[in-house]
Every structure is written in structure tokens, then in C-alpha cells.
Amino acid sequence: MRTLIYLVIGILFGITMFKSEAASWFRIYEMFKFESFHMYGIIGSALVIGIIVVQSIKRFKIKSFYGERIHFNPKTKSFSRYMFGGIIFGLGWALAGACPGPMFTLVGAGYVPILIVIAASIVGTFLYGLFKDKLPH
Amino acid sequence: MNWIYEPWPWYVSGPMIAFIMFLLLMVGKNFGMSANLRTMCTICGASNKADFFKFDWRSQKWNLIVILGAVIGGFIGSHFLTADMAVAINPDTISDLNELGFNSAGKSYLPTELFEMESLLSLKTILVLAIGGLLVGFGARYAGGCTSGHAISGLSDLQLPSLIAVIGFFIGGLTMIHFLFPLIF
């Protein structure tokens, strides 16, 4: 049953990524050119509602559908890992035009070359794991 | 019923993303897609090479199912809910892209120059896709999250680290498109 719920949430997410055009390389390029409000509207409105949702859950101690406490994982304090990691991610996001959610949506939409991006992103994650201890965090 | 084939405006898409994050929270999970890349490394046996991959990947099975759903959602969205695949980007953006050699700008969902099967005959295209993916995977894990984990989940939780990461995303993205694109394309 829970498996089915996760699958339905994923399908909803995939349809949203495709229909919002957030999975389009062109929209990412246009966003970084500041030539359209579209992507900023998507992220901005998701964020405003997201803040209201998360802060309400915390304030009113809202329980999950299963009656459990909802956990938020505070990120560890640091500057360098978020800044350097963020810049590296941003370079790749703009070049490949896809982030880790939409790249899977594009597989379903039938774009075979996106599999190269996915395979390379798995290799990139592996390289981070290998060199993690040598990087400033 | 033609509206169903139209692209979703931002004020439908953004709230939908927030709704998806809400649903995941309400089933006791967190919205973060790049964690799946680490799980895939572990499944491929990466835990023999680095401790970073030593964890019970079954605890992340739910997230792999979400990503499988995202694949199915992409299929449904493109095959049943879209008539015209062209993305109506700004005409100025189209002329910029035409100058860079992307003639498919404004005519397709993804640039055919990078995402058509024939484009894989070019070594440069393969390199662009592979380097892009490599940076996304490495950067997402180094920063501890991607667009969903930081820009949506982290910022909704008012986390300062996520704000730093998102500023980093933009420094990287702006550098790539304004300074490196003219050199690459």
C-alpha cells in the first residue's frame, strides 16, 4: 500500500515536472538569462506555500497520515560545502539543463541521450564519495 | 478539453510542487531527489570503495519508487497530456540560442542538437552531456542536496545552509551560461 502511495506521488511529480516545462533545457537557459518569469514563478510560489506548510506543521505539531511526528533534518552548519557544492551543481544544471528529478522524467518522455546525463551523475556522486575526506566541508 | 494539452502556468506548477512536498512529509518522508544517486551507487557496490556509501539502501527504497513514478509521469505527461512539444521561450532567448547554434530553440521541448539520437554521433555532444551530469552528481552530493532538497525543502524549513547552496546554484548556472557557453558552443 505504501509502495503504491510513493509511486502515485512520483507520477504526480513527473507529470508536474514535464507539464511545467521545468524539465526543459530551454527553460533553465532562459531562467539563467533572466528572460522569463516562468521558472522564478514556479520556484517562488512553491517556496511561499512550502514555507507556510512547513512552519504550520511545526507550529501546530501536525502529525503524519500515520499519526507519527514529522521530522525535519536540520542541515549541518557550514559555508564552504554548500557554496562550492552549490556552484559545481549549478554549472552542471545549466550545461545538462536538468536536475536530479527532471532527468528521470525525461527518460519517461523518451529522450534516450538523457541516460548519459544520469549515468554520469551517478559517477559524479561516486567520485564525491571517494574524495569526500579531501574536500573542504 | 484542449486546456489539458497546454503547458501549466507557474501558478499551477509551483503550488503542485509544494503539494508534492506536503504529501511526502505527511507520509513521513522528505522531498530530495539527488539522494537516489547515492542509493544507486550503493546498489552498484560502491560501499566497497568508500564509507560514504555504507548504509542500508533498503531504507531509501521509497525514494527509488518515487523516482520510478517520475519516469512514468514523464511518459504520461509527454504522450497523453501534450499535443505541441515546443516550449514557448522568450523570442530574445531564441535568437541568443540560434546564434549559439541551437536552431531547435522555440520548436521543441529539448534542444535536438543535444537530445536526439543522431546527436550522439558527435563526441562533443556526448562530452557535454557527460560533464553536465558529472557536475550535477558531484555538486549535489557535495552540497548535500539539489533543487528539491535545498531550494524547496531546505528553504521551506528556513535553513541558512540551503540559502547558501541555492546562491551557489545560481553562481554556477550564471557562470556557465554567460561565460562558458560562448566558449563551448
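**A helix contact between chains**

Guide: In this predicted model, A:T3, A:Y6, A:L7, A:G10, A:I11, A:F13, A:G14, A:I15, A:F18 and A:K19 of α1(A) are in contact (heavy atoms within 4.5 Å) with B:W62, B:I65, B:V66, B:L68, B:G69, B:A70, B:I72, B:G73, B:G74, B:I76, B:G77 and B:S78 of α3(B). Helices are DSSP runs of H or I with at least four residues, numbered from the N terminus. The contact comprises 13 nonpolar, eight polar and one charged residues, with Gly counted as polar and Asp, Glu, Lys and Arg as charged. Numbering starts from 1 along each chain as written, and chains are lettered from A in the order written. Local features need pLDDT of at least 70, and side-chain atom pairs 80 or more, while side-chain values use heavy atoms, without hydrogens or water.

α1(A), residues 2–19, and α3(B) have axes (lines fitted to C-alpha atoms over the stretch in contact) that come within 6 Å and cross at roughly 45°. The crossing is right-handed: the near helix is turned clockwise from the far one by less than a right angle.

α3 (61–79) of chain B also gives two or more residues to the lining of the largest pocket, as do α4 (80–96) of chain A and α1 (10–26), α2 (35–43) and α7 (147–156) of chain B. That lining has 39 residues, with A:N73, A:K75, B:N30, B:A35 and B:G144 nearest the pocket's centre. Lining residues have an atom within 4 Å of a pocket point, on a 1 Å grid with a 1.4 Å probe and protein on both sides within 12 Å along at least five of seven lines. By class, 13 are nonpolar, 18 polar and eight charged.

Technical notes:
Axes are lines fitted to C-alpha atoms, for helices over the stretch in contact, and angles run from 0 to 180 degrees between N-to-C directions.
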